[in-house]
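Welcome! Open your viewer, get your selection tool ready, and follow along stop by stop.

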Amino acid sequence: MEIKNGIPVSPGVAIAPALVLDSESFRIPRRFIRKDEVDTELKRFELARAKALGEISDIRDSVHSVAKEEVGLIFDAHMRMLEDPLITKEIPEKIKTKRYTPEYAVSRVFKKIIKPIKEINDAYFIQRVNDFYDIQKRLLRNLLGQRAHDLTALDRKVVVVAHDLTPSQTATLDKKMVAGFITDVGGATSHTAILANALGIPAVVGLGTISSDISGGDVVIVDGKSGRVIVNPDDATREKYEVRGQGYIDREKRMFEAASKALRTTKDGEKVNLYANIEWDDEIELANRLGADGVGLFRTEFIYSKFGAHPTEEQHYDVYKRAHAMLDGRTLTLRTMDFGADKFASEVGLEREENPFLGCRSIRLSLREPHLLITQMRAALRASVLGPTRLMLPMVGSIEEFRAARVIFENVKTDLKREGIPFAPDVPLGMMVEVPSAALTIDSFIKECEFFSIGTNDLVQYTLAVDRNNQYVANLFKHTSPAVLRLVKLVIDTAVKNNRPVSVCGEMAGEARFAVILLGFGLRDFSVGPTALPELRTLLSRVTVAEAVELAGKAMALDAADEITDLLDAEVERLLPSEEFGE
Ligand code: PEP
Ligand code: MG
């Protein structure tokens with residue numbers, strides 16, 4: 001039995017055998033074979049090697065005809081590597097003596113080859129490492145064939161173990177078969193984490209080397225609340241976690257019941273609106289069941305991953321139409337595409353950038369390629385006759401950007417009018433406040449921007465210079481940093497004073513411990529992942545505005561993030577005591 005600790009990102013307990021994906025998302029099957037399987041497996045490896053050689057030879061011949069001879073030489077070198085005894089002898093040796101599957105033998109031997117070369121920090125050797133990766137991938141692809149990426153055809157419950165999962169891989173996980181997932185990298189507000197929550201799959205990220213430490217078939221416990229992962233547990237531990245998993249499910253039920261009976265206001269009758277953050281339209285069903293007042297953030301990037309880089313106006317429109325039908329008259333807040341950095345960059349074929357989080361992402365990309373924005377705005381406006389619609393721009397950093405997008409928006413309306421296509425005349429254009437420059441100059445946006453939603457996931461990342469996806473700095477990602485809190489307070493104060501709707505839609509809004517301070521800052525609109533709704537509803541119905549203001553005042557007088565967190569946690573314990581809501 002082995003215990004590891006990572007970053008908990010989606011609560012619940014999963015207990016199941018591991019399905020391990022390697023760093024290229026290849027699914028490395030069971031790592032040992034029987035004695036009587038050795039010959040067949042050796043033949044399978046030889047066949048894969050021969051196929052790889054054939055492929056490289058074909059590529060070499062085709063480049064010879066169109067490129068210089070030197071380019072062809074690269075492929076000659078690849079062919080020589082495949083003939084090297086490390087590959088022709090050592091891999092079969094491992095299959096024979098250690099009884100590794102060929103896939104596992106390939107991944108072990110390549111790890112051994114690559115590690116020392118990687119340590120030589122030199123451009124020439126980095127290129128050699130890439131060559132080895134290339135050959136490894138080719139061998140694995142030939143060994144695994146169609147099975148390589150197939151996470152959809154699972155026939156039993158598993159815990160998926162991977163170096164990383166892309167948002168689209170996460171989105172396609174089969175909830176019935178994937179009991180949980182764990183990854184080497186990632187942070188609490190990464191997109192993979194947000195999606196795990198949306199799917200209700202227990203998950204822990206940032207576990208370092210878990211994908212190479214665990215073997216396929218090992219039994220794994222994932223505790224998505226504490227971040228603990230236990231490999232091959234003994235019977236007593238397994239039982240303990242089975243009880244804990246049930247405790248978690250029971251708590252959810254109790255919270256749901258409490259929320260159904262709770263006021264939709266604070267204890268002293270102040271109305272609070274709880275909206276849902278969604279990634280795809282189907283989630284509205286869950287949001288409705290859990291009592292959402294509407295959708296405060298529709299991350300529309302999924303439309304692009306579903307339909308490809310350029311969904312048509314009609315494809316956008318159909319999704320928005322379905323969303324309105326499910327919302328039945330409640331507000332739908334559509335965020336325009338927010339690609340780049342961690343979000344679907346490869347799906348839409350974005351160029352690789354040196355520093356993508358500071359690169360051409362999101363609104364910057366929309367303004368560089370306005371046709372994408374125009375298509376989306378046309379569809380959103382057309383759908384606005386079906387229900388109240390708001391359009392929200394992500395990552396706005398300056399008033400110039402907002403104005404440029406406004407011009408496009410007004411032009412789209414003029415076009416629709418000219419074409420005789422109906423739309424609601426009063427669709428508000430708002431923005432996410434998630435770049436510190438926008439938060440600091442919020443007063444200059446007030447006249448022109450019709451509503452604001454604070455994206456704390458990016459706001460924390462950019463204010464504190466802490467990558468939201470990086471496990472090594474996850475301990476520095478603090479919502480209660482006084483710098484972050486001052487920015488959040490400034491935006492809420494300014495918006496409230498000027499009668500502009502303001503919400504928080506980052507993960508901060510969905511965590512019980514932050515709800516009261518946000519209320520105390522003057523926030524009345526929260527937008528959160530649907531599963532957070534019952535707890536938030538219950539908590540807010542038990543506190544008065546005066547209590548919240550007092551707590552916010554106390555918190556802002558403190559200098560250290562951790563002291564503030566302790567203060568906020570004590571308030572949650574007062575409002576949702578462990579005796580009532582413990583697991
Ligand atoms: C945010 O940054 O807080 C936010 C809500 O947007 P996303 O998580 O999609 O970047
Ligand atoms: Mg964001």
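## First stop: Ser-362

Select Ser-362, which is buried, with a relative accessible area of 0% (buried means under 20% relative accessible area, with a 1.4 Å probe and protein chains only). Before moving on, a word on what you are viewing: this is a predicted model, in which local features need pLDDT of at least 70, side-chain atom pairs count only at pLDDT 80 or more, and totals for chains, interfaces and linings use all residues. Residues are numbered from 1 along each chain as its sequence is written, chains are lettered from A and ligands numbered from 1 in the order in which they are written, and side-chain values use heavy atoms, leaving out hydrogens and water.

Ser-362 sits in the loop between strand 11 (331-335) and helix 13 (363-368); helices (H or I, at least four residues) and strands (E, at least two) are DSSP runs, numbered from the N terminus. Now show Asp-338: its side chain and that of Ser-362 are joined by a polar contact of 2.4 Å (a pair of N or O atoms within 3.5 Å; within protein, one must be able to donate a hydrogen and the other to accept it, and residues adjacent in sequence count only if both atoms are side-chain atoms). Beyond its neighbours within four places in sequence, Ser-362 is also in contact with residues including Phe-339 and Pro-394 (contact means heavy atoms within 4.5 Å).

## Second stop: ligand 1

Which residues are the closest to ligand 1? Select Arg-299, Lys-343, Gly-455, Asn-457 and Arg-468 to see them, among the 16 residues that surround the ligand (each with a heavy atom within 4 Å of it). Helix 18 (456-464) gives the most to this shell, with three residues.

Next, look at the oxygen atoms of ligand 1. One is 2.9 Å from an N or O atom in the side chain of Arg-335, and a polar side-chain atom of Glu-434 lies 2.9 Å from an oxygen atom of the ligand. The protein covers 100% of the 280 Å² of accessible area that ligand 1 has on its own (Shrake-Rupley method, 1.4 Å probe).

Select residues 512-521, which form helix 20; nine of its ten residues are buried. Phe-514 and Leu-518 are among them. Show helix 19 (482-497) and helix 23 (561-575) too, as they are included in what covers those buried residues.

Definitions and conventions: Buried < 20%, exposed > 50% of the residue type's maximum accessible area, 1.4 Å probe, protein only.
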